[in-house]
Each structure stands twice: as C-alpha cells, then as structure tokens.
Amino acid sequence: MRKEQTGKNQVLRFTVPPDVQDAEKNVRSFLREDHGISRSLLVELKHVKGIRLNGASTYLDHSLQAGDVIELHLPEEESENIVPEPMPLQIVFEDEDILIVNKPSNLCVHPTLLHPDGTLANGVIHHWRLQGISRKFRAVNRLDKDTSGLVLIAKSQFSHQQLATVQRQNGITRYYEALVHGRVKEEGGTIDAPIMRKADSLMERVVHESGQWARTHYTVLERYNGFTHVRIKLDTGRTHQIRVHMSHIGHPLLGDDLYGGERTLISRQALHSRILSFPHPRHKEELSFTTPLPDDMSCLIRQ
C-alpha cells in the first residue's frame with residue numbers, strides 16, 4: 001500500500017496480491033479484512049465516488065483479480081470551526097499521515113468553553129494551512145492542560161482509524177515521568193483501581209469501586225529530599241489517571257493541588273509524556289519518540 005497526495009486529496013493505493021483469487025475477494029472484503037479500512041470510511045468514499053479500481057470508479061462488490069490497483073481518494077476536510085492561530089510548535093516528527101508535537105504545559109489540546117482558542121488544535125490547523133492543506137484535528141492521545149510532552153495527531157480519517165484500532169488493542173505504549181511527594185519505598189508497583197468522576201465535581205476524579213477499570217505501572221528512577229522521580233506506564237487512559245492513582249497510594253504529584261500536591265516547588269503538576277511508541281498507520285513499522293523533561297521539572301532533579 002502506498003499513500004500520496006494529489007492536489008488537495010490524499011490517495012491510498014493498494015495492489016491486489018496473487019493469492020487474492022483463491023480467496024474470492026471483492027473490493028469491500030479486500031479493504032475491510034486485509035487492510036482494516038473502516039466501514040464508515042468506505043461508505044463516505046462511496047458517496048463521493050472516491051473508490052477507484054484500475055483508474056475507474058468502482059463498486060464495493062466488484063470482484064478482484066491479482067494485480068488490480070485500488071485507489072482511495074480521501075477528500076480534503078474542514079477543521080471543525082477551529083480557527084487557525086499562529087503559535088510556536090515543537091514538532092518532533094511529521095509525515096503525510098501523522099504529526100508528533102511536544103506540547104508545553106499551560107496549553108489545552110482542544111478548545112473548551114473556558115479555553116475557546118489558543119489551544120494546540122488552533123496552532124496545528126494554522127501549521128497545516130501554511131502547507132496549503134486543510135485537515136481535521138484528530139488527537140490520538142490527549143494530555144491535560146498542565147501536562148507536558150508528546151501528543152500524537154492523525155492527519156486523516158484513515159490514519160486516525162488505524163491508530164484508534166491499535167490503541168484499543170493496547171498497541172500504543174506511553175511512558176510518563178513524574179515527580180511525586182514523599183519517598184516511594186518500593187522500587188516499583190502496579191496500581192489497579194477503578195476511577196470515576198467525583199459526584200459533586202465536573203473535573204475531579206476519584207478511585208471508586210463503581211468506576212472504570214484503570215491500571216498504572218510505576219518504577220522509581222531516583223529519590224530526592226522530599227520527593228521521588230518515577231517512570232509511569234499506562235494500560236488504560238482514564239481522565240487524570242496518573243494523578244488520581246499516585247494520590248491514591250499517598251504520593252500525589254508535585255504541584256497538583258487538585259489531588260493533594262503542593263505548589264512550593266513547581267506551579268503545575270510535575271508530569272511529562274516522555275516516550276510514545278506505536279506502529280505507523282500506513283507501513284506498520286514500529287516508531288518510538290522521546291522528548292526530554294521540561295526545564296521546570298529537570299531543574300528540580302539537578303539541584
């Protein structure tokens with residue numbers, strides 16, 4: 001499968017292998033079963049005649065032969081009323097399928113009622129407009145406003161659907177680093193505790209038996225006077241999961257006053273998305289990206 005850009009459209013190109021005739025594949029089954037293309041994307045492309053077989057528009061039930069070439073012409077997309085805004089972006093990696101950004105703290109990923117603009121989404125849409133392309137903003141992983149680090153963004157419905165499937169299968173590995181209050185005695189451990197929204201709060205989460213399953217693994221990297229540097233791996237992605245779980249075991253994050261932390265050493269929760277690994281949505285090669293700790297965290301462990 002190849003992916004290219006012609007004009008304003010992205011084109012996915014698939015060549016039918018020799019063994020397809022034995023399986024009696026048609027266009028639909030070949031794309032759905034062999035390449036994981038979602039039903040919703042195929043329906044959308046069918047309506048705009050974006051599915052072509054050997055250069056001509058085709059039907060999904062058309063039978064295939066070895067050597068046939070199927071093209072999916074992905075139309076340009078509007079950015080869901082997100083206003084483009086210029087801002088400096090720390091771009092770690094970008095190709096025609098994905099964008100990896102190192103998000104600073106004090107920056108929302110998506111517009112909200114409290115933060116309708118000045119978000120990462122606004123900056124990314126502006127970045128793409130400078131390239132002459134229009135895309136929807138599709139963040140695969142999301143970080144709290146005051147959590148820094150790596151954010152993975154899909155640049156098409158195809159890329160997002162492929163990565164969402166991988167994510168459901170736990171194929172996206174995320175490592176965070178945090179500075180937590182106190183001296184963590186164990187060298188590591190696993191926190192397996194369900195999380196739900198606190199009854200009287202729109203934001204705060206709590207550990208509760210009625211909540212959603214959540215699991216966090218932590219490893220001690222170094223102990224300091226009054227706090228511990230830990231590496232954290234998530235098996236699930238609940239809202240505020242790391243913050244809630246570390247507070248639950250008596251070690252809230254430095255700066256996280258919502259969950260029992262203090263802001264004497266740092267003015268936000270000391271949490272950074274450090275490593276992100278996943279298979280590329282197109283060629284499936286395993287990719288891994290790392291970003292250093294930001295200054296407000298690194299200066300504390302250099303003292």
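Select K25 first. With a relative accessibility of 13%, K25 is buried, because the cut-off for buried is under 20%. Keep in mind that you are looking at a predicted model.

**Stop 1**

D34 is partly exposed, at 40% relative accessibility.

**Stop 2: helix α2**

Select residues 27-35, which make up α2. Begin at the start of the helix. There, a side-chain oxygen of N26 comes within 3.2 Å of the backbone nitrogen of R28. Which residues of α2 are buried? Colour V27, S29, F30 and L31: these are the buried ones. Then step just past the helix to G36. Its phi is positive, about 65 degrees.

**Stop 3: the positive patch**

Show the surface and select R28, R32, R39 and K46. These residues gather there in a patch of positive charge. Which elements give two or more residues to the positive patch? They are α2 (27-35) and α3 (39-47). Click on K46, which sits in helix α3. K46 has a relative accessible area of 51%, so it counts as exposed, the cut-off being over 50%.

**Stop 4: the whole chain**

Zoom out before going on. The protein chain has seven helices and 17 strands. Along the principal axes, its C-alpha atoms fill a box of roughly 70 × 40 × 40 Å. The chain has 303 residues, and 48% of them are buried. Salt bridges found across the whole structure number 18. Two more of them come next.

**Stop 5: R215 and D192**

Select R215 and D192. They form a salt bridge, and their closest N and O atoms are 3.0 Å apart. This pair ties together distant parts of the chain: R215 belongs to strand β14 (residues 215-223), D192 to strand β11 (residues 188-192), and 23 residues separate them. Are the two partners buried or partly exposed? R215 is partly exposed, with a relative accessible area of 27%. D192 is partly exposed too, at 43% relative accessibility.

**Stop 6: R268 and D296**

Move to R268 and D296. Here the salt bridge has its closest N and O atoms 2.9 Å apart. This pair also links distant parts of the chain, 28 residues apart: R268 is in the loop between α6 (241-248) and β16, and D296 is in helix α7. R268 is buried, with 3% relative accessibility. D296 is partly exposed, at 26%.

Salt bridges with shared partners join D192, R215, K233 and D235 into one network.

**Stop 7**

Select T291, in the loop between β17 (286-290) and α7 (295-302). Is T291 buried or exposed? T291 is buried, at 4% relative accessibility. Now show the side chain of N102. A polar contact of 2.9 Å connects it to the side chain of T291.

**Stop 7: two positive phi values**

The last selections concern the backbone. Most residues other than glycine have a negative phi. N106 has a positive one, near 65 degrees. Find N106 in the loop between β7 (98-103) and α4 (120-130). N106 is exposed, at 52% relative accessibility.

Finish at K284. Its phi is positive as well, near 70 degrees. K284 lies in the loop between β16 (271-279) and β17. What is the relative accessible area of K284? It is 45%, so K284 counts as partly exposed.

Methods
Residues are numbered from 1 along each chain as its sequence is written. This is a predicted model: local features need pLDDT of at least 70, side-chain atom pairs count only at pLDDT 80 or more; totals for chains, interfaces and linings use all residues. Side-chain values use heavy atoms; hydrogens and water are left out. Patches are made of residues with over 30% relative accessible area and no salt bridge: like charges are joined within 9 Å, nonpolar side chains (Val, Leu, Ile, Met, Phe, Trp, Tyr) within 5 Å. Accessible areas come from the Shrake-Rupley method with a 1.4 Å probe; for residues, only the protein chains shown count as cover. A salt bridge is a side-chain nitrogen of Lys or Arg within 4 Å of a carboxyl oxygen of Asp or Glu. Lys and Arg count as positive and Asp and Glu as negative; His and the chain ends are not counted. The place of a charge is taken as NZ of Lys, CZ of Arg, CG of Asp or CD of Glu. Helices (H or I, at least four residues) and strands (E, at least two) are DSSP runs, numbered from the N terminus. Buried means under 20% relative accessible area, exposed over 50%, partly exposed in between (1.4 Å probe, protein chains only). A polar contact is a pair of N or O atoms within 3.5 Å; within protein, one must be able to donate a hydrogen and the other to accept it, and residues adjacent in sequence count only if both atoms are side-chain atoms.
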